[in-house]
Amino acid sequence: MSAIKRVAQIASSTAGKKLTLQEIGAQLDSSFRPKNAIQRMLLGKETPEDFKGINIKDPRVLSRYLSEAAIQGPDFLIVNSVELQPATITVTGAAGAIAYSLLFRLASGEMLGKNQPINLRLLERTEAMQALQGVVMELQDGAFPLLKNIVVTDDADEAFKDADYTFLVGAKPRSKGQERGDMLKENAAIFKEQGRSIDRVAKSSVLSVVVGNPANTNAMIASYNAPNTPRTSFTAMTRLDHDRALAQISKKVNCQVEDIDRFAIWGNHSSTQYPDLSHATIRGKWAWDLIKDEDWIYNKFIPRVQQRGAEIINARGKSSAASAADAALRHMRDWVLGSNKWVSMGVCSEGWYGITRGVWTSVPVQCFGDGKFGVIRDIPMSKESASRINKSIDELLQEKSMVKDLLPNQTLRGVEVDVDKVYNKKWFGLL
Ligand code: NAX
């Protein structure tokens with residue numbers, strides 16, 4: 001049952017009484033983790049009486065509050081007399097370029113809304129602690145009302161302690177002349193340790209997004225090493241690729257990005273990814289028909305999205321940072337508060353579309369809020385799409401084989417994962 005339904009149920013069972021928000025919150029049992037999200041939604045009313053107590057005599061009134069606040073989004077919410085407990089957000093690689101864009105937006109309430117206080121726990125390598133101190137000074141100088149506390153550390157257990165949300169950004173870039181396999185292994189070791197640490201000390205409801213590359217494989221390693229944390233709590237970020245694609249489509253068709261739906265990134269966050277326009281709609285019409293330009297789709301759009309990271313590096317001399325931070329924030333925000341459209345996330349395959357179980361692949365999902373999401377299933381797949389997805393999954397399997405020593409032979413919680421199951425290519429080919 002969704003938390004919203006649960007609130008509605010409390011509303012009906014207590015009809016006739018006047019409950020405060022805290023009283024409603026207290027009746028949500030602890031498994032409804034972001035009861036704060038519910039509270040945030042409930043707080044979308046401006047008159048002081050509404051803060052003192054919501055008259056829920058009539059459950060329809062409550063449902064109106066909820067839907068109104070849900071439509072307006074968290075920016076609609078205002079500071080009020082109800083004290084929300086701070087949410088704990090851990091960011092790794094906190095002295096790096098992406099974190100420099102991310103941290104200030106988290107502190108200003110862009111992820112969880114303008115009503116939700118936060119604590120930041122920042123993890124860095126020992127060598128980067130001094131630089132991180134500088135970032136902390138700037139965070140302090142921002143005097144953000146929502147930012148209650150900052151912990152700076154080079155110790156993973158301290159960083160992940162009681163975390164509600166983690167942004168795993170810190171990773172080791174490929175050094176000059178280094179083999180990709182060696183880079184993978186170095187990063188794998190980082191994510192193995194961080195997965196273990198999250199499992200040990202973070203809240204059991206923690207949600208983690210892996211940004212550091214190779215993001216999909218790193219998310220897989222972290223999850224395999226966190227046996228007590230549900231596999232669905234570790235996701236890899238492909239939202240930047242998704243958003244890059246939306247921007248290209250909107251430019252081509254001259255529409256707003258929010259007009260586009262049912263777009264998907266499949267596979268790995270790498271140049272083998274498949275930006276899939278075949279189901280996309282623009283204001284409810286099939287995008288393919290509106291674009292009417294297959295040459296653009298196959299020879300410009302797809303390669304451009306796949307290579308956009310390199311294009312930015314060539315132009316800027318540095319990799320994407322602000323756009324990556326924005327994508328990470330939207331990824332987490334949608335995951336926590338819900339999305340009304342398809343978004344792309346790297347998640348643990350449960351075998352849909354014949355993709356090997358236990359590999360973290362980007363797929364279209366819909367987020368329902370409260371950290372829950374559903375993979376868009378059973379959509380028709382052309383041979384062209386299937387072969388492109390196959391290519392990317394092959395790459396993920398190769399990456400997996402390079403780090404197999406770091407994957408404990410275990411089943412992930414909640415799903416039987418047969419690590420050695422052969423990827424069923426035929427399944428795609430037959431469609
Ligand atoms: P930076 O090199 O600026 O920052 C990385 C930071 O991580 C450094 O400060 C470093 O000291 C720290 N770090 C390294 N190992 C650590 C560890 N074990 N614990 C804690 N901190 C550690 O890189 P930045 O531009 O911020 O990019 C970070 C990562 O994001 C890279 O791996 C990059 O490839 C990846 N990206 C992923 C994207 C995605 O869409 N998934 C897009 C952007 C970006 O390329």
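1. Start with the ligand: one of its oxygen atoms is 3.2 Å from a side-chain N or O atom of H269. The protein covers 81% of the 870 Å² of accessible area that the ligand has on its own (Shrake-Rupley method, 1.4 Å probe).

2. Before going on, some ground rules: this is a predicted model, where local features need pLDDT of at least 70 and side-chain atom pairs pLDDT 80 or more, while totals for chains, interfaces and linings use all residues. Residues are numbered from 1 along each chain as its sequence is written, and side-chain values use heavy atoms, with hydrogens and water left out.

3. The backbone joins in too. A nitrogen atom of the ligand lies 3.2 Å from a backbone N or O atom of V211, and a ligand nitrogen is 3.3 Å from a polar backbone atom of M237.

4. Around the ligand there are 23 residues, with A97, I98, E124, R125 and N213 the closest (near means a heavy atom within 4 Å). By class, the shell has 12 nonpolar, nine polar and two charged residues; Gly counts as polar, and Asp, Glu, Lys and Arg as charged.

5. Where does the ligand lie relative to domain 1 and domain 2? Domain 1 (82–236) and domain 2 (239–416) both give residues to the shell, so the ligand lies between them. The bounds come from an automatic or database domain assignment.

6. Two backbone spots deserve a look. N213 and P214 are joined by a cis peptide bond, with omega about -5°. R283 has a positive phi, near 45°, and is not a glycine. Most residues other than glycine have a negative phi, and most peptide bonds are trans.

Terms used:
A polar contact is a pair of N or O atoms within 3.5 Å; within protein, one must be able to donate a hydrogen and the other to accept it, and residues adjacent in sequence count only if both atoms are side-chain atoms.
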